Amino acid sequence: MSWYLILKSLHLISVISWMAGLLYLPRIFVYHAENKEKDEVIGVFKIMERRLYLYIMYPAMLLSWIFGLAIIHFQGIELFAAKWFIIKIIAVLILTIYHFYLGQCIRTFSLNANNSSARFFRIINEIPTILLILIVFLTILKPL
């Protein structure tokens with residue numbers, strides 16, 4: 001069995017887990033923003049948001065990066081000569097920044113200081129979808 005294929009499999013599992021969280025957490029924010037008058041409901045959302053971020057998303061992001069870097073090490077630094085790969089890395093960096101932005105949103109919600117609307121969270125929920133599509137097509141097709 002190839003270590004490279006094991007790394008790729010672990011990377012893919014980690015990315016799927018991370019993406020699930022990146023897609024689901026803003027959805028919880030939508031419901032949280034819509035129900036800001038209901039203290040009991042808000043308490044449940046705060047627990048859900050924190051647990052999703054800390055116990056699923058954060059470890060999945062770290063593992064995605066670790067296994068991704070291991071794959072780069074395995075394949076060699078010449079990957080950075082490919083334009084598709086540079087664009088993919090930029091997209092992953094944007095996803096990582098988005099991840100930390102969602103963490104900031106959790107802190108804002110935990111302090112009952114959110115001023116963003118449910119519509120805002122519906123809109124930003126499209127960011128990881130667009131980046132995921134770009135990353136998958138770049139990785140599979142290697143067009144540049």
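## Helix α2

The expected span of a helix is 1.5 Å times one less than its number of residues, where a helix is a DSSP run of H or I of at least four residues, numbered from the N terminus. In this predicted model, local features need pLDDT of at least 70 and side-chain atom pairs pLDDT 80 or more, whereas totals for chains, interfaces and linings use all residues. Residues are numbered from 1 along each chain as its sequence is written, and side-chain values use heavy atoms, with hydrogens and water left out.

Helix α2 covers residues 39-75, and because its 37 residues at 1.5 Å each should span 54 Å, the 52 Å between its end C-alpha atoms agrees with expectation. At Y53, α2 bends by about 35 degrees, the bend being the angle between axes fitted to the seven residues ending there and the seven starting there. After α2 comes G76, which has a positive phi near 105 degrees.

## Packing of α1 against α3

The axes of α1 (residues 3-34) and α3 (residues 83-110) come within 11 Å and cross at roughly 35 degrees, with axes fitted to C-alpha atoms over the stretch in contact and angles running from 0 to 180 degrees between N-to-C directions. This crossing of α1 and α3 is left-handed, in that the near helix is turned anticlockwise from the far one by less than a right angle.

## The loop residue N35

N35 lies in the loop between α1 and α2, and its 17% relative accessibility means that N35 counts as buried (under 20% relative accessible area, with a 1.4 Å probe and protein chains only). Leaving aside residues up to four places away in sequence, N35 touches V41, I42 and F45, contact meaning heavy atoms within 4.5 Å.

Conventions: Helix = DSSP H or I, 4+ residues; strand = E, 2+ residues; numbered from the N terminus. Buried < 20%, exposed > 50% of the residue type's maximum accessible area, 1.4 Å probe, protein only.
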